[in-house]
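Dear colleague,

I am passing on the structure below, with notes on what was found in it. Please read them with the coordinates open.

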Amino acid sequence: MTAKIIKYGARANTALFKLTNGRIGGRWRIMAGWRKPAPVLLLEHVGRKSGRTFTTPLLFMRSGADLVVVGSQGGLPKDPQWVANLRAQPDVAVRVPQRGRQLVRARIADAEKRAALWPRLLETYADFETYQTWTDREIPVIVLSPR
């Protein structure tokens, strides 16, 4: 049920974001985001099996010139499919509210980088910690660097 809610909610968020250039859909105001809205970007990635382009809305934070996203999928037991797609094809694009489309290269943060970014990610959206307690997998942190 959670996966379906995430899927259909993501579709609606993506449509609104695209229609308004992020004025609507560019801030996450659910759960911890109610008190402290978190910024949202659209990740454009290619399916590793289908070759189709997909667009996924994700919470993000800035780290210097990089953008950082989290493969939490609400604490479900498996990584979201977009994480596997990034491993297969790391050259992707993002849309950031009011800034348009940017080309980026994705890399999964190693243990040291993840440990450095995780506390800042929790400042951006505290529920990432809750999601981590709901799953046995280590939730991946992905760094998106300009290319």
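**Salt bridges and their surroundings**

At 56% relative accessibility, Glu138 counts as exposed, where buried means under 20% relative accessible area, exposed over 50% and partly exposed in between, with a 1.4 Å probe and protein chains only. Before going further, please note that this is a predicted model, in which local features need pLDDT of at least 70 and side-chain atom pairs count only at pLDDT 80 or more, while totals for chains, interfaces and linings use all residues. Residues are numbered from 1 along each chain as its sequence is written, and side-chain values use heavy atoms, with hydrogens and water left out.

The partner of Glu138 is Arg114, with which a salt bridge is formed, the closest N and O atoms being 3.9 Å apart; the term stands for a side-chain nitrogen of Lys or Arg within 4 Å of a carboxyl oxygen of Asp or Glu. This pair links distant parts of the chain, since Arg114 belongs to helix H3 and Glu138 to the loop between H4 and S7, 24 residues apart. Helices (H or I, at least four residues) and strands (E, at least two) are DSSP runs, numbered from the N terminus.

Glu44 is buried, with a relative accessible area of 11%, whereas Arg95 is partly exposed at 30%. Glu44 and Arg95 also belong, together with Arg101, to a network of salt bridges.

A further salt bridge pairs Asp79 with Arg87, the closest N and O atoms being 3.7 Å apart. Asp79 counts as partly exposed, at 29% relative accessibility, and Arg87 is found in helix H2 (residues 81-88). Leaving aside neighbours within four places in sequence, Arg87 is in contact with Asp79 and Ile108, contact meaning heavy atoms within 4.5 Å. The C-alpha atoms of Arg87 and Ile108, which are 21 residues apart along the chain, are separated by 7.9 Å.

**Helix H3**

At 1.5 Å a residue, the 14 residues of H3 (residues 111-124) should span 20 Å, and the end C-alpha atoms are 20 Å apart, which agrees; the expected span is 1.5 Å times one less than the number of residues.

**Helix H1**

Which residues does Thr14 touch, not counting those up to four places away in sequence? They are Leu42, Thr55 and Pro57. Thr14 lies in helix H1 and is buried, with a relative accessible area of 9%. Leu19 is also found in H1 (residues 2-20), but counts as exposed at 71% relative accessibility.
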